[in-house]
Amino acid sequence: MAETEKLICSKCKKELVLKKTNFSYLGHSFFTDLPKCPDCGMVYLSEEFVKGRMSEVEMQLEDK
Ligand SMILES: [Zn+2]
């Protein structure tokens with residue numbers, strides 16, 4: 001199975017595109033590529049992404 005599956009906005013039926021998006025977690029902001037709808041701007045956060053990213057972020061926070 002390919003790792004880059006196409007994500008479609010359920011509202012606009014448009015293909016989501018990877019866009020540098022600012023997102024915050026635990027009061028910290030991160031600038032990262034996230035699949036985003038070009039039409040309505042909905043950002044898709046997959047569970048896998050959230051889990052991976054969050055553990056990364058938590059490790060960085062614990063480092064301090
Ligand atoms: Zn949309």
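N22 stands opposite F31 in strand β2, where strands are DSSP runs of E with at least two residues, helices are DSSP runs of H or I with at least four residues, and both are numbered from the N terminus. The model is a predicted one, in which local features need pLDDT of at least 70 and side-chain atom pairs count only at pLDDT 80 or more, whereas totals for chains, interfaces and linings use all residues. Residues are numbered from 1 along each chain as its sequence is written, and side-chain values use heavy atoms, with hydrogens and water left out.

**Overall architecture**

- The protein has one helix and two strands, and along the sequence these elements follow the pattern β-β-α.
- The C-alpha trace spans about 40 × 30 × 15 Å along its principal axes.
- Of the 64 residues, 20% count as buried, a class that requires under 20% relative accessible area, while exposed means over 50% and partly exposed lies in between (1.4 Å probe, protein chains only).
- Among the contacts with a separation of 6 or more, 31% are made by residues 24 or more positions apart, a contact being defined by heavy atoms within 4.5 Å.

**The hairpin**

- β1 and β2 pair in the antiparallel sense over nine bridges, and strands are said to pair if DSSP finds at least two bridges between them.
- The two strands form a hairpin with two residues between them, and L26 in the turn has a positive phi of about 55°.
- Elsewhere along the pairing, L18 stands opposite P35 in β2.
- T32, which is found in strand β2, counts as buried because its relative accessibility is 11%.
- Setting aside residues up to four places away in sequence, T32 touches K19, K20, T21, F23, F49 and R53.

**The zinc site**

- The zinc ion has the protein donors C9 (SG), C12 (SG), C37 (SG) and C40 (SG), which lie 2.2 to 2.4 Å from the ion; donors are N, O and S atoms within 2.8 Å of the metal (3.2 Å for Na, K and Ca), and sites may look incomplete because water is not among the atoms.
- The angles subtended by the four donor atoms run from 106 to 113°, so the arrangement is tetrahedral, a label given to four donors if all angles lie between 85 and 135 degrees.
- In sequence, the donor residues are spaced C-x2-C-x24-C-x2-C.
- Because C12 lies in the segment before β1 (17–25) and C37 in the loop between β2 (28–36) and α1 (47–63), this pair ties together parts that are 25 residues apart in sequence.
- The structure holds zero disulfides, a disulfide being a pair of cysteine sulfur atoms within 2.5 Å.

- L34, apart from its neighbours within four places in sequence, is in contact with V17, L18, K19, T21, F23, V43, L45 and F49.
- F49 is found in helix α1 and is partly exposed, with a relative accessible area of 22%.
- The C-alpha atoms of F49 and L34 are 9.2 Å apart in space, with the two residues separated by 15 residues in sequence.
- Leaving out neighbours within four places in sequence, F49 is in contact with T32, L34 and M54.

- Most residues other than glycine have a negative phi, and most peptide bonds are trans.
- K13 has a positive phi of about 60° although it is not a glycine.
- K13 is placed in the segment before β1, and at 62% relative accessibility K13 counts as exposed.

How values were computed: Four donors count as tetrahedral if all angles lie between 85 and 135 degrees; four count as square planar and six as octahedral if opposite donors are over 155 degrees apart and all others between 65 and 115; anything else is irregular.
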